[in-house]
Amino acid sequence: MRLYVGATIESCDDDGHTFNTRMNMTQLAFIKYLDCVERVRTPESINPFVGKIAMSDEIGVAAASTNANARNMCDAPTPPPTNTSMESAQEIEVESLTSGNIAYARMAQWFKITIPQSKYYSIYTTGSLDTVGTLYDDCGNQIVRVDDRTECGKANFRIYHKLDRNTTYYIRVTEAKSNTGSYTLVVTERVLADSVTITPSSIILEQGKTYELPTTPNTFVDVAGVDPLRNVYVNISPASANEQKVLWHSFDHDVIDTYSGFHGDQRYHTISPVGSGTATLYAYDWWENGNAGECTVYVPEVNANAPKVTVVSCIADGWIVSSDTMGADMANAFGCTGSYTVETPTTISSFETCWRETNECMIVHTHGGPNSLVGQINSGAQSQIISKYDIENLPINTKIRFIMMTACEVAGGLAYNNIAYWLSKRIHPNGIVIANTDEVTGGDKTFRGSDNEKTWKVYKNGEIWDIELPLTLTMADAYSIYEECQ
């Protein structure tokens with residue numbers, strides 16, 4: 001028996017005459033607790049004490065007597081597990097949660113389970129202990145051994161294997177680094193998620209706005225007053241995982257806030273930029289079984305004087321002049337007179353810089369085609385600025401709500417795999433792109449398509465909208481089409 005006040009102040013085994021313990025001490029005003037265990041004659045075995053503890057103020061005179069189980073005023077030491085061999089394996093069932101405890105270094109715990117149906121099962125542990133799992137058949141032959149589940153980034157093992165009906169299997173659980181501790185073993189028919197990916201990997205958001213994020217790969221509740229980010233997708237791997245919902249979170253609370261709530265009986269998630277800067281947004285599978293997906297969020301500083309219209313132009317002098325006229329015309333049509341700039345990117349990098357800095361509207365006034373935009377310099381030489389594959393990797397810029405493409409044939413080729421299509425998936429989800437499948441002719445303020453058929457197309461978030469368009473477009477027409485698509 002050991003007597004405690006805050007630390008051990010006295011300890012006694014036998015009193016010299018019997019196997020019982022006895023301590024004679026000066027009276028103390030406060031005794032925290034007595035620690036009593038029954039020690040059997042093997043050093044490895046410690047059993048809880050069950051009996052009476054007598055306290056007296058004089059030798060031989062009982063002042064108090066109480067029934068004691070375990071540590072009387074505190075818990076008894078947990079006895080070491082007994083299922084430390086295949087022969088002593090603990091029986092468990094499918095869909096049960098079984099507590100385990102690695103009590104000493106290099107210890108192993110064994111479990112056995114008889115499978116009710118032939119199918120794939122997930123066998124894994126939860127907790128902070130770095131476990132290793134081994135699956136055996138009923139003859140003791142190893143089927144599979146797993147340390148870390150690298151796909152999901154977990155220190156706990158996870159076995160996914162087909163098991164046969166009415167067959168008994170054995171599971172051996174050990175600790176990878178000779179540590180000790182507890183864990184929970186689970187055998188389930190559920191397929192667990194390994195990882196989540198977010199497409200695209202970066203987005204640009206405006207301060208003062210609130211956006212809805214997808215809860216499943218691309219579904220939204222459509223909360224009133226919130227813009228759904230329909231061009232943001234999540235993917236949970238493997239596709240067969242039972243849980244296809246995600247949770248969103250960020251640790252960069254000085255830049256973005258994430259929120260989760262219910263709209264009726266449906267859960268939704270929103271993101272609100274609260275400051276300028278860069279933040280990392282994470283998407284976890286619902287039960288956080290796998291690796292989280294990551295997306296970089298850029299929130300630019302609020303600049304009331306920033307141009308509202310950006311014209312992407314070829315660098316040749318004649319193109320600059322006409323681009324200047326187009327920018328002023330669009331700024332006037334969209335209600336931001338005089339607020340425009342003309343840029344002449346010649347590389348992917350310079351186009352992306354221009355893209356990030358564009359605020360509301362963009363005019364693409366370059367050479368081009370279904371697969372790329374092409375620039376022209378004063379010498380007449382041409383070079384590719386950006387391809388449709390590069391556009392696929394641009395960040396979503398939710399500031400951009402309208403793009404007018406005067407370049408020829410950028411909506412041509414495959415309707416859902418051209419320059420116009422990909423740009424429409426990289427702007428605000430309510431934004432549109434107007435582009436042509438044929439050559440575009442006209443001056444600085446009117447844009448004419450083919451005389452033979454309707455060749456203008458309107459893309460909204462990767463979808464072609466069936467809108468009656470005039471053969472010749474003006475910027476005022478473009479604004480009316482934009483309004484119709486909202």
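Guide: Let us begin with the largest cavity, which has 10 lining residues; Pro345, Thr346, Gly375, Gln376 and Ile385 are the ones nearest its centre. Please keep in mind that the model is predicted.

Visitor: What volume does the largest cavity have, and how many cavities of 30 Å³ or more are there?

Guide: The volume of the largest cavity is about 60 Å³. The structure holds 1 cavity of 30 Å³ or more.

Visitor: Which strands supply at least two residues each to the lining of the largest cavity, and which classes of residue does the lining have?

Guide: Strands β31 and β32 each give at least two residues to that lining. Sorted by class, the lining of the largest cavity has 5 nonpolar and 5 polar residues, with no charged residues.

Visitor: In which sheet do β31 and β32 lie, and what is the strand order?

Guide: They belong to an open sheet of 3 strands, ordered β30-β31-β32, with antiparallel pairing. The edges are held by β30 (367–368) and β32 (382–387); each has a single partner strand, so one side of each has no neighbour in the sheet. Between β30 and β31 (residues 372–376) there are 2 bridges, in the antiparallel sense. As an example of a bridge, glycine 368 has leucine 373 in β31 as its partner.

Visitor: What is the strand order in the open sheet of 4 strands?

Guide: The order in that sheet is β9-β16-β11-β14, and the pairing is antiparallel. Its edge strands, β9 (97–102) and β14 (158–163), each pair on one side only. From one strand to the next, the twist averages 25°. Strand β11 (residues 119–126) pairs with β14 in the antiparallel sense over 6 bridges, and tyrosine 124 stands opposite arginine 158 in β14.

Visitor: At what angle do the axes of helices α1 and α5 cross?

Guide: The axes of α1 (residues 317–333) and α5 (residues 475–484) cross at roughly 45° and come within 9 Å. The two helices are therefore oblique to each other. Their crossing is right-handed.

Visitor: What is the general idea behind reading the backbone for exceptions?

Guide: Most peptide bonds are trans, and most residues other than glycine have a negative phi.

Visitor: Where are cis peptide bonds found here?

Guide: One runs from threonine 199 to proline 200, with omega near 0°. Proline 200 is placed in the loop between β17 (195–199) and β18 (202–204). Another cis bond joins serine 237 and proline 238, with omega about 0°. Proline 238 lies in the loop between β21 (233–237) and β22 (246–249).

Visitor: Which residue has a positive phi although it is not a glycine?

Guide: Asparagine 166 has a positive phi of about 60°. Asparagine 166 is found in the loop between β14 and β15 (168–175).

Key. Residues numbered from 1 in each chain as written. Predicted model: local features only at pLDDT ≥ 70, side-chain atom pairs only at ≥ 80, totals over all residues. Heavy atoms only, no water. Pairing = 2+ DSSP bridges. Axes fitted to C-alpha atoms, helices over the stretch in contact; angles between N-to-C directions. Parallel < 35°, antiparallel > 145°, perpendicular 65-115°, else oblique. Left-handed = near helix turned anticlockwise from the far one by under 90°. 1 Å grid on protein atoms, 1.4 Å probe; cavity = no way out; pocket = protein on both sides within 12 Å on 5 of 7 lines; lining within 4 Å. Points joined across faces, edges and corners; volume = space filled by probe spheres on them. Nonpolar A, V, L, I, M, F, W, Y, C, P; charged D, E, K, R; others polar.
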